[in-house]
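Subject: Handover of a structure with its ligand

Dear colleague,

Please find the structure below for your records.

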Amino acid sequence: MSFILMLAISAVPLTLGITMICLFEKNRLTFALFIYMLLICSWQIDMSVLFSERFFQVKTIDFLFRLFRFGTIMQAPALLYIAYVALNDLTLPHIRKSIWSRLINKHLIVFLYLWSLFVYAVNWSHKGIVNLYSIHTMNTTILYPLYGEWNWAFKLHLMAFAVIIGISFIISIKIYNSIIRTFLILFITAMAITYGVGILNLSKNIIVISSGISVMIHSLAIFVAFIRMQALTIRKINVSLKEQKDFLRQIIDMSPTFIYAKNLDGDITLANVTFASAYGTTVKDLVGKKEEDFCLNKEMTERLFDEKLVILFNKTISKSEESFIDSQGRTRWLQSIKIPFHTSTGKQMLCVATDITTRKVAEEALKEAESKYRSLVEKAPVGVYIIQEARFVYVNPRMSEIFGYTVEELLNMEIKNLFVTEDRPLIEKNISKQLNNQLSSISYQARGIKKDQSLIYLEIHGSTTTYEGKPAIIGMYLDITERVKTEEIIRKSDKLSVVGELAAGVAHEIRNPLTSLKGFLQLLQSKTNDNKIYFDIMLSELDRINFIVNEFLVLAKPQIINFQKKDLLKILQNITILLNTQAIINNVQIHVDFDPSIPLIECEENLIKQLFINILKNAIEAMANGGEIRVQAMKYQNDRILIRCIDQGCGIPEERQIKLFEPFYTTKEKGTGLGLMVCYKIIEAHNGKITIESKINEGTTVNIILPIKHH
Ligand code: ADP
Ligand code: MG
């Protein structure tokens, strides 16, 4: 009876072990515990065979006893292994570093296994167990082993087992994780109790009860401890999962980006507050519905299509710009990334999108402002430049007009080469001062040279700034050539008018003495007949002086414009006399060739005089080597006359002919460039026309057409 009962008890650890390995995660610990349960089972069978005298022969019992002793002996290394697994697989890393835990290592386990196998082997020999003998106790007969002379090995093994239990206990109470700690403490306590009971087994009297009870308690305790550990772990995992979920939820709701997920049907499976509020609703309301249920517009179709593609083709789509119309009908701009992911309910798409509307609006405003300023600068009537490292990095089109170089040429030129040699040091000094931050803003004047080598006057302004992260000068160039020249002319004409006034005064002063000289000379002449020839010469010379002085007066005094009929030939002859001296110096003869039928012309005598003087002077100045000037006048189209002044001078190159009537255009060192312009104005005032024909090195012809009557 005892045998059957005890054998039945051995099924308890076996069942519990199988339950454990079947129900729970199959890891090293579960596996080690399962083995351990099998060993307990084997131990219990070992005890039970001692009671099977009625069922088996003694020889068989002897064999079975020695065989199942495996369970008893192997418990020690199995426990050590469990402690090792618990330490290495379940605890936090810093615990492993303690001395105790370092004590339990693979070498020790292997050693203990080998030792246990040795003990088990000894058990098979007569040195371990001699034989089994029967004893009578508690109304039953049991067989009991007679230990041999090498039984010390088994005893030593039991002692080592006690030490391992002790060490494992110390380690287990040091474990940080409370669930594992409790499990191991329970496990080892049960172990210790079993160990105690096992020792009692050695006493022949209580073997039956003690072994059965201890196996039951032991295996149940381990089982309960294990189940408890698993249950607590699962609960703890659940709690932390929930915490993590709440935490993640908080993060995605706090995020200002749109976060949402959808399945293939387009149902929203996840949405954050930002996304929901763009639709003017709550997350709860949004989840489970489609975006189309809230708002349908053309802009969203492309986006929804993309989202389907992400799921269907399992690919990531990122967009730098995507429009989104919110519940209030406002267009928002999103930068988005859409990725596919798998869930237990199927494939889904997760979208994370940043609202970039503000940035986009700002960018557009910036672009607009930039283009406004750019066109302002490009069309500015002053030259605008940016200088960096002593070179232009930007010039506007007006700069190229000022200098006559193209924008590209200017950008590739050394700045100083745009200025006259004397001004280059000034330019270089100012630029370097500004770039070195010694001067924040500056304005000065300098003389520049255009591409056609003509001189220009410039007013230069510059302020320091940074351009593309480096120090730079930004500023403008004003072409002040006309202003400078006008100032010069004003100065000159001031001088001229003073000279004119003086001349007029002097002429007056000369006229009176001349009248008395002439009077006295005539008086003297009437009194004597000698030296008539001298008197005549003196009188004619006096007449000439008188004439020149009168002409002086006419030219010098500002006159009221007054059109009167005048004889052109006479005017011209007078002018010829006036210019004769200069003509003779230049070895030039002036021939006047007038059609006698030319009538009187309505004109302003002084202006016409000025006209002839300017034209004849130019002709004389053009003939450095002397020659002839012919002045012709003839009728032209009934009501007009044509006057031609033909010289044999140096001529004017074709490209310069168009510039002749511009003010200040001169090729002479002391010229003003005003002569021809004044002529033009005079002709204009007379409703006439002036043209110039010229051939280089052959001569120039000035044609003047004047109406006979002034209207
Ligand atoms: P200026 O005599 O002070 O130079 P003008 O207006 O009288 O100014 O003349 C402008 C320019 O036209 C002169 O510098 C000269 O180059 C050219 N020019 C005018 N007339 C003649 C001419 N008869 N022959 C050659 N060149 C002339
Ligand atoms: Mg002139």
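A polar side-chain atom of T700 lies 3.2 Å from a nitrogen atom of ligand 1, a polar contact being a pair of N or O atoms within 3.5 Å (within protein, one must be able to donate a hydrogen and the other to accept it, and residues adjacent in sequence count only if both atoms are side-chain atoms). The protein covers 93% of the 530 Å² of accessible area that ligand 1 has on its own; accessible areas come from the Shrake-Rupley method with a 1.4 Å probe, and for residues only the protein chains shown count as cover.

This is a predicted model, in which local features need pLDDT of at least 70 and side-chain atom pairs count only at pLDDT 80 or more, while totals for chains, interfaces and linings use all residues. Residues are numbered from 1 along each chain as its sequence is written, chains are lettered from A and ligands numbered from 1 in the order in which they are written, and side-chain values use heavy atoms, with hydrogens and water left out.

**Ligand site**

Two further polar contacts to ligand 1 involve D647, at 2.9 Å from a nitrogen atom, and T666, at 2.6 Å from an oxygen atom. Helices α19 (605-622) and α21 (675-685) are the elements that give two or more residues to the shell around the ligand; helices are DSSP runs of H or I with at least four residues, strands are runs of E with at least two, and both are numbered from the N terminus. In total, 18 residues surround ligand 1, the closest being N618, T666, T667, K668 and T672; a residue is counted if one of its heavy atoms lies within 4 Å.

**Surface patch**

L14, I18, F31, I35 and L38 make a nonpolar surface patch of about 380 Å². Helix α2 gives the most, with three residues.

**Backbone**

Most residues other than glycine have a negative phi. E389, in the loop between β8 (383-388) and β9 (391-395), has a positive phi near 50°. E389 is exposed, at 60% relative accessible area (buried is under 20%, exposed over 50%, partly exposed in between; 1.4 Å probe, protein chains only). N531 also has a positive phi, of about 50°, and is partly exposed at 45%.

Yours sincerely

Technical notes
Patches are made of residues with over 30% relative accessible area and no salt bridge: like charges are joined within 9 Å, nonpolar side chains (Val, Leu, Ile, Met, Phe, Trp, Tyr) within 5 Å. A salt bridge is a side-chain nitrogen of Lys or Arg within 4 Å of a carboxyl oxygen of Asp or Glu.
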